[in-house]
Amino acid sequence: MAVLLTARDIEYGFGGQTLLDKIDLQIDAGERIGLLGRNGAGKSTLLRILNRELVPDSGRIEFQPGLRSSLLPQELPSNMPATVFEAVAAGLGKRGTLSAEYRQISRRLATGGDPQMVRRLDRLHQELDAADGWDAERDVDRMLTKMALDPDDRFDHLSAGMQRNVLLARALVAQPDLLLLDEPTNHLDITSIDRIEAMMQKWPGTLLFITHDRAFLEGLAGRIVELDRGRLKVWRCDYPTYLQRREADLAAEARASKRLDRKLASEEAWKQKGLKARRRRNEGRVRALKALRAERQARREAAGDPKILAQQAERSGKLVMVAEKIACRHEGRTIIEDFSSVIMRGDKVGIIGPNGCGKSTLLQILLGQLAPDAGRVRHGTRLAIAYFDQLRGQLDAERSVQDNVADGGDTLVINGQRRHVLGYLKDFLFTPERARSPVKVLSGGERNRLLLAKLFARPANLLVLDEPTNDLDLQTLELLEDLLMAFKGTLLLVSHDRAFINNVVTGILAFEGDGRVADYVGGYDDWLRQRPAAVGAKTAAAKPHTPLRRARPQRPRKLTYREKEELEALPGLIETLETEQAGLFETLSDPQFYQQEGEAVAAARSRLAELESALHTAYGRWEALEAIGPAAN
């Protein structure tokens with residue numbers, strides 16, 4: 001098998017931190033390599049070095065003669081050419097740029113133009129001849145068709161997911177021998193991820209990629225390369241096997257570290273013995289002690305796992321929000337049509353759908369940040385909302401990490417206790433030096449971890465997370481997963497991560513085209529079985545649609561006027577009952593209350609039982625009326 005490149009003794013540091021410490025790597029033609037490591041470990045830096053964008057501080061890289069490589073960057077650039085065609089053509093270098101300009105001027109001249117444009121077109125014709133660039137337009141058009149992209153769309157008007165598809169097309173159009181992908185699934189919808197995974201499985205070149213998407217990693221990687229504390233570890237196996245071997249490797253490393261520490265402690269104790277012993281000491285043993293000290297000093301400890309904790313606010317009312325016949329349109333296009341749903345306390349709802357379908361818009365409507373064109377959203381009581389924005393607009397890139405979390409202060413109140421912001425940020429793996437750095441120098445994963453720290457610094461009972469998994473390393477992702485599964489409040493989650501959705505949510509809101517948003521029970525795999533395409537095809541895995549309790553069946557009749565009045569009064573009644581119920585819970589939890597007469601205690605308990613029964617009846621009546629339909633005319 002041909003060797004594409006060999007890297008030897010590569011060193012690279014940034015901001016006083018050694019990212020790459022004498023690493024070696026060989027990449028052979030046809031490999032599919034997954035590059036793993038913690039956020040900020042230097043994975044993106046390594047890709048840029050292999051793409052010849054950065055020069056290492058020391059070491060050398062031997063490339064196969066004529067090797068072509070392309071890099072899909074992690075971050076969305078702000079200086080892309082105006083149209084999708086121009087952006088993708090830039091992947092062909094000079095001939096692509098010339099072709100894009102020739103195409104643009106030719107179109108202008110078709111509707112009239114000046115002599116200066118004609119002269120420029122003539123010069124471009126000559127330059128394209130010299131650069132052998134006449135095939136560039138055909139190559140770009142072919143790639144745009146393959147990626148289902150409109151060449152005339154403006155790049156800056158596209159959603160983040162569509163921009164990601166454009167950048168991938170730019171990386172692929174030159175048909176590189178070595179394709180370097182940095183978080184290729186970021187911002188993409190599930191359909192796009194499936195398509196790209198299938199495309200990469202058939203890709204004839206060599207692939208080195210960074211991803212947090214476990215399903216994508218498991219489907220593609222034939223070899224795992226892990227960047228850990230500046231060193232590269234090579235695992236010649238697939239991802240599931242890597243997980244098993246890595247656990248054993250970490251356990252062996254921990255045992256070796258303990259043996260070294262015990263031996264060093266023993267030798268230090270020997271050195272500290274009395275004068276007589278020191279006179280007789282073995283100089284070779286002293287030299288060995290110095291070597292042990294040097295080995296211990298050079299050891300870089302594992303970063304550990306972040307301590308992600310969500311502060312629980314006071315419990316919300318049992319009813320969190322009700323959406324009633326919501327409609328939203330934009331520039332003549334229907335985004336949401338006739339959407340109704342009920343979200344109850346403790347629901348964990350995943351929202352899925354194609355890029356640009358309106359998932360973030362739906363969140364904004366549900367939160368009251370955007371008014372729908374029709375319908376309304378009613379919120380329950382005592383809501384404390386924490387909102388995670390996928391574009392990280394809540395972070396100020398010019399301010400420091402600690403200022404973003406504590407707003408310039410030094411302390412935070414976490415679960416009722418005052419903590420210094422640096423100690424709190426340490427839980428999220430930010431060292432004091434990193435905490436004082438401006439946000440703009442952080443990696444994408446570090447920024448997401450910072451946004452989680454900012455989010456969880458305030459109590460909440462409703463978490464609204466819009467693509468929270470982008471750029472996170474796998475360890476942090478799994479910890480966030482555990483936190484959300486244990487969270488006792490309500491969750492609204494937009495995510496493209498199939499494994500994450502499967503493990504966290506209890507129900508799905510799926511955009512199904514033409515503005516329709518449907519309810520499903522379960523996670524991603526359950527949605528696959530229940531969705532109309534699966535049911536219609538009558539596959540073996542398909543099963544009848546089982547709606548969430550929030551979903552409403554077809555209504556056989558309309559509400560009467562009195563029923564409509566009763567329905568409108570029920571939320572207020574429920575709120576009153578819940579408020580009284582909460583007060584009684586607080587009263588009955590006070591030990592001094594039981595010093596009263598027994599009749600008072602019995603009466604309080606009796607009233608609590610009455611309230612529970614009344615609430616059960618009110619919710620049942622509310623659900624029954626909601627299932628009937630709108631009022632009769």
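**A close look at one strand residue, and beyond**

Tutor: Let's begin with D338, which belongs to strand β11, covering residues 333-344. Helices (H or I, at least four residues) and strands (E, at least two) are runs assigned by DSSP and numbered from the N terminus. Please keep in mind that this is a predicted model, in which local features need pLDDT of at least 70 and side-chain atom pairs count only at pLDDT 80 or more, while totals for chains, interfaces and linings use all residues. Residues are numbered from 1 along each chain as its sequence is written, and side-chain values use heavy atoms, with hydrogens and water left out.

Most residues other than glycine have a negative phi. D338 counts as partly exposed because its relative accessibility is 45%; buried means under 20% relative accessible area, exposed means over 50%, and partly exposed lies in between (1.4 Å probe, protein chains only).

Q175 sits in the loop between α6 (160-172) and β6 (178-182), and it counts as exposed because its relative accessibility is 55%.

Now let's step back to the whole chain. It has 22 helices and 20 strands, and 47% of its 633 residues count as buried. Among contacts (heavy atoms within 4.5 Å) with a separation of 6 or more, 69% are between residues 24 or more positions apart.

Inside the chain, the largest nonpolar core has 94 residues, and M200 and F456 touch the most other members. A nonpolar core is a set of buried Ala, Val, Leu, Ile, Met, Phe, Trp, Tyr and Cys residues joined through side-chain atoms within 4.5 Å. Leaving aside residues up to four places away in sequence, M200 touches R32, L172, L179, L181, L207 and L220. There is also a second, separate core of 28 residues, with L4, L5, A41 and L232 among them.

A406 gives us another place to look. This residue is in helix α13 (residues 401-406) and is buried because its relative accessible area is 13%. Not counting residues up to four places away in sequence, A406 touches T411, L412 and V421.

Charged residues come next. How many salt bridges does the structure hold? There are 38, where a salt bridge is a side-chain nitrogen of Lys or Arg within 4 Å of a carboxyl oxygen of Asp or Glu. One of them joins E31 and R223, whose closest N and O atoms are 2.8 Å apart. That pair links distant parts of the chain, 192 residues apart: E31 is in the loop between β2 (17-28) and β3 (32-37), and R223 is in strand β8 (residues 223-228). E31 and R223 are both buried.

E226 forms a salt bridge with R246, the closest N and O atoms being 2.7 Å apart. E226 lies in strand β8 and R246 in helix α9 (residues 239-271), so this pair ties together parts 20 residues apart in sequence. Both E226 and R246 are buried. R48 and E53 also meet in a salt bridge, at 3.3 Å from N to O; R48 is partly exposed because its relative accessible area is 37%, and E53 counts as partly exposed because its relative accessibility is 42%.

Finally, a network of salt bridges links R95, D135, R138, D139 and R142. The C-alpha atom of R95 is 9.6 Å from that of D129, and these two residues are 34 apart in sequence. D129 is in helix α4 (residues 115-131).
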